[in-house]
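Visitor: I am new to protein structures and would like to learn what the words in a description stand for. Could you show me one and take me through it?

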Amino acid sequence: MTIERAETAPSTRQGWTKARAMLAGGLVLGVGAAITLAAWTDDEWATGLFGSGTFGIEGSTDGTTFADHPTEADAEDLDFTVAAENLAPGDVVYAPFAVQLERDSTYDAEVTIAQAVDPALTGVSADYVFTTALGCSEAAYAAGTDENAATFALDSLADVQNVCFRVTAGDDLAQGVTGGITWNFAAVSGDAL
């Protein structure tokens with residue numbers, strides 16, 4: 001008995017070879033995809049939130065009711081003793097003022113004081129001292145400290161700087177003049193409270 005083998009045509013063999021190559025390639029791609037799907041990933045993030053603090057000073061003539069007076073036009077009128085607008089040579093008048101940080105301030109302050117005397121008030125001089133309590137008189141002025149000091153510090157919300165102003169009319173005071181004296185309290189923020 002003879003067995004005859006059917007010869008496969010060369011084109012069929014080539015087709016089968018191509019098919020096997022494609023199956024093998026697909027298998028490799030499938031394994032690669034499976035490896036990619038099994039990979040681990042990890043992330044790390046960081047962020048920061050930012051804002052600004054607040055800062056300001058305010059003044060009071062009674063030591064209780066404080067308010068902001070941000071410009072010369074908004075200046076608080078000091079309550080000088082009687083006859084402050086009717087001075088004669090040799091008269092001396094006094095007025096208190098208190099300065100503190102605004103209640104929502106988050107920084108301390110270094111405060112510089114500057115005073116300007118209206119030129120029309122020839123013969124009038126002004127001085128000030130720091131006092132432990134609000135109040136200003138001849139006795140309070142005499143007990144005060146740091147006469148005409150250029151600066152003072154406000155280191156906490158509890159700090160209040162009391163100032164006693166003294167205005168003196170000299171012998172060269174002219175008759176019938178009016179004018180003003182302006183004090184500026186310029187604050188610069190310092191350390192966080």
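Guide: Gladly! Let us begin with pairing: two strands pair if DSSP finds at least two bridges between them. Keep in mind that this is a predicted model.

Visitor: What makes β3 and β7 a pair?

Guide: Strand β3, residues 107-117, is joined to β7 by 10 bridges. Pairing asks for at least two bridges, so β3 and β7 count as a pair, and they run antiparallel. Within this pair, Glu110 stands opposite Val188 in β7.

Visitor: Which strands form the open sheet, and in what order?

Guide: The open sheet has 3 strands in the order β5-β3-β7, with antiparallel pairing. From one strand to the next, the twist averages 25°.

Visitor: Why are β5 and β7 said to stand at the edges?

Guide: Strands β5 (151-154) and β7 (181-192) each have a single partner strand, so one side of each is left without a neighbour in the sheet.

Visitor: What holds paired strands together in general?

Guide: Strands of a sheet pair through backbone hydrogen bonds, either parallel or antiparallel.

Visitor: What makes a set of residues a nonpolar core?

Guide: The residues must be buried, belong to a list that includes Leu, Ile, Phe and Trp, and be joined through side-chain atoms within 4.5 Å. The largest such core here has 24 residues, and Ile57, Phe152, Leu154, Trp183 and Phe185 have the most contacts inside it. Strands β2 (92-101), β3, β4 (124-131), β5, β6 (160-169) and β7 each supply at least two residues of this core. Apart from it lies another core of 5 residues, among them Tyr94, Val129, Cys136 and Cys164.

Visitor: How do you know that Leu154 is in contact with Ile57?

Guide: Contact means heavy atoms within 4.5 Å, so the two must have heavy atoms within that distance. Leaving aside neighbours within four places in sequence, the contacts of Leu154 also include Val99, Asp108, Val111 and Gln161.

Visitor: How many residues does the chain have, and what percentage is buried?

Guide: The protein chain has 193 residues, of which buried ones make up 24%. Buried means under 20% relative accessible area, so that 24% is the share falling under this cut-off.

How values were computed: Residues numbered from 1 in each chain as written. Predicted model: local features only at pLDDT ≥ 70, side-chain atom pairs only at ≥ 80, totals over all residues. Heavy atoms only, no water. Helix = DSSP H or I, 4+ residues; strand = E, 2+ residues; numbered from the N terminus. Axes fitted to C-alpha atoms, helices over the stretch in contact; angles between N-to-C directions. Buried < 20%, exposed > 50% of the residue type's maximum accessible area, 1.4 Å probe, protein only.
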